[in-house]
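Try each task before reading its solution.

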Amino acid sequence: MRFMFVVKASKDSEAGVMPPAEMISAMADYHGELAKAGVLLDGSGLQPSSKGWRITWSDGKKTVTDGPFAETKELIAGYTIIQVKTREEAMEWANRFPNPQIENGQIEVRQMFDLEDFEPSEGIERFREMGIAQDRK
């Protein structure tokens with residue numbers, strides 16, 4: 001089972017304020033524990049939305065909008081992806097996640113789909129051949 005820990009953005013992360021050394025150290029310690037346990041698949045911080053863009057489809061039309069985006073509470077500042085055997089194990093790891101913001105931080109935990117969650121199809125087989133969304137344990 002793969003889970004993504006989504007680190008919610010803050011005014012500071014959207015302003016490009018780099019986290020203090022203590023926070024980076026706490027994150028490195030935590031991710032080191034994940035790696036040592038063999039459950040870490042990936043993790044990284046994201047640049048502010050001012051350096052990104054959104055693509056929106058509506059009524060058959062595609063629109064590209066450059067950042068920044070106003071609603072900080074809807075944005076993400078980083079992520080961690082783990083692979084564990086149970087939801088409970090994911091909860092245990094999530095509860096150990098250090099506060100990702102200088103003040104009021106928040107992470108959201110979401111289980112990721114595996115190819116086995118979908119009905120067999122030609123498209124699913126193509127994803128399987130690419131090695132995407134597969135259980136790696």
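**Exercise 1.** Find which residue meets lysine 8 in a salt bridge, and work out which parts of the chain the pair ties together.

*Solution.* Step one: lysine 8 and glutamate 108 meet through their side chains in a salt bridge, at 3.0 Å from N to O. The term stands for a side-chain nitrogen of Lys or Arg within 4 Å of a carboxyl oxygen of Asp or Glu. Step two: lysine 8 sits in strand 1 (residues 2-8) and glutamate 108 in strand 6 (residues 107-111), so this pair ties together parts that are 100 residues apart in sequence. Strands (E, at least two residues) and helices (H or I, at least four) are DSSP runs, numbered from the N terminus. Step three: Lys8 and Glu108 are linked with Arg110 in a network of salt bridges.

Before going on, a word on the source. This is a predicted model, in which local features need pLDDT of at least 70 and side-chain atom pairs count only at pLDDT 80 or more, while totals for chains, interfaces and linings use all residues. Residues are numbered from 1 along each chain as its sequence is written, and side-chain values use heavy atoms, with hydrogens and water left out.

**Exercise 2.** Decide whether lysine 8 and glutamate 108 are buried, partly exposed or exposed.

*Solution.* Start with the cut-offs: buried is under 20% relative accessible area, exposed is over 50%, and partly exposed is in between (1.4 Å probe, protein chains only). Lysine 8 has 15%, so lysine 8 is buried. Glutamate 108 has 27% relative accessibility and therefore counts as partly exposed.

**Exercise 3.** Locate the salt-bridge partner of arginine 96 and describe where both residues lie.

*Solution.* The partner is glutamate 33, with the closest N and O atoms 2.2 Å apart. Arginine 96 is in the loop between helix 3 (87-95) and strand 6, and glutamate 33 is in helix 2 (residues 21-37), 63 residues apart. Arginine 96 is partly exposed, because its relative accessible area is 46%.

**Exercise 4.** Identify the residues of the nonpolar surface patch and the strand that gives its largest share.

*Solution.* First, the rule: patches take residues with over 30% relative accessible area and no salt bridge, joining like charges within 9 Å and nonpolar side chains (Val, Leu, Ile, Met, Phe, Trp, Tyr) within 5 Å. Next, the members are Trp53, Ile55, Trp57 and Val64, together with about 510 Å² of accessible area (Shrake-Rupley method, 1.4 Å probe; for residues, only the protein chains shown count as cover). Finally, strand 3 (residues 53-58) supplies the largest share, three residues. Tryptophan 53 lies in this strand 3, and at 56% relative accessibility tryptophan 53 counts as exposed.
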